[in-house]
Amino acid sequence: MSTKIGRPKAENPKSFDLKVRIDEDTNTKLTKYAEENNITKAEAVRRGIYILLEKNK
């Protein structure tokens, strides 16, 4: 019996938790962006971070 049980290991696990407080207007815009692009708000924030990092190079 060598079958594995459970979820497969992620290639790039999300091991860190980040919490930020945002105002209502920012939340509305973030939610709208995420819905229009069919992604989660967390993924939208991740993409935003990468854009900032690339811009800073």
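Trainee: What share of the accessible surface of the protein chain belongs to carbon and sulfur atoms?

Mentor: The accessible surface of the protein chain comes to about 6,300 Å², a value from the Shrake-Rupley method with a 1.4 Å probe, where for residues only the protein chains shown count as cover. This is a predicted model, in which local features need pLDDT of at least 70 and side-chain atom pairs count only at pLDDT 80 or more, while totals for chains, interfaces and linings use all residues. Residues are numbered from 1 along each chain as its sequence is written, and side-chain values use heavy atoms, with hydrogens and water left out. Of that accessible surface, the share belonging to carbon and sulfur atoms is 53%.

Trainee: Is asparagine 38 buried or exposed?

Mentor: Asparagine 38 is found in the loop between helix 1 and helix 2, and has a positive phi of about 55° although it is not a glycine. Buried means under 20% relative accessible area, exposed over 50%, and partly exposed in between, with a 1.4 Å probe and protein chains only. Because its relative accessibility is 72%, asparagine 38 counts as exposed.

Trainee: Which helix gives the most to the lining of the largest pocket?

Mentor: About 590 Å³ of space lies in the largest pocket, and of the 19 residues that line this pocket, the closest to its centre are Leu18, Ala42, Val45, Arg46 and Ile49. A pocket is an open set of points on a 1 Å grid over the protein atoms alone, where a 1.4 Å probe fits, with protein on both sides within 12 Å along at least five of seven lines, and lining residues have an atom within 4 Å of a point. Helix 1 (24–36) and helix 2 (41–55) each supply at least two residues of the lining. With six residues, the helix that gives the most is helix 2.

Conventions
Points joined across faces, edges and corners; volume = space filled by probe spheres on them. Helix = DSSP H or I, 4+ residues; strand = E, 2+ residues; numbered from the N terminus.
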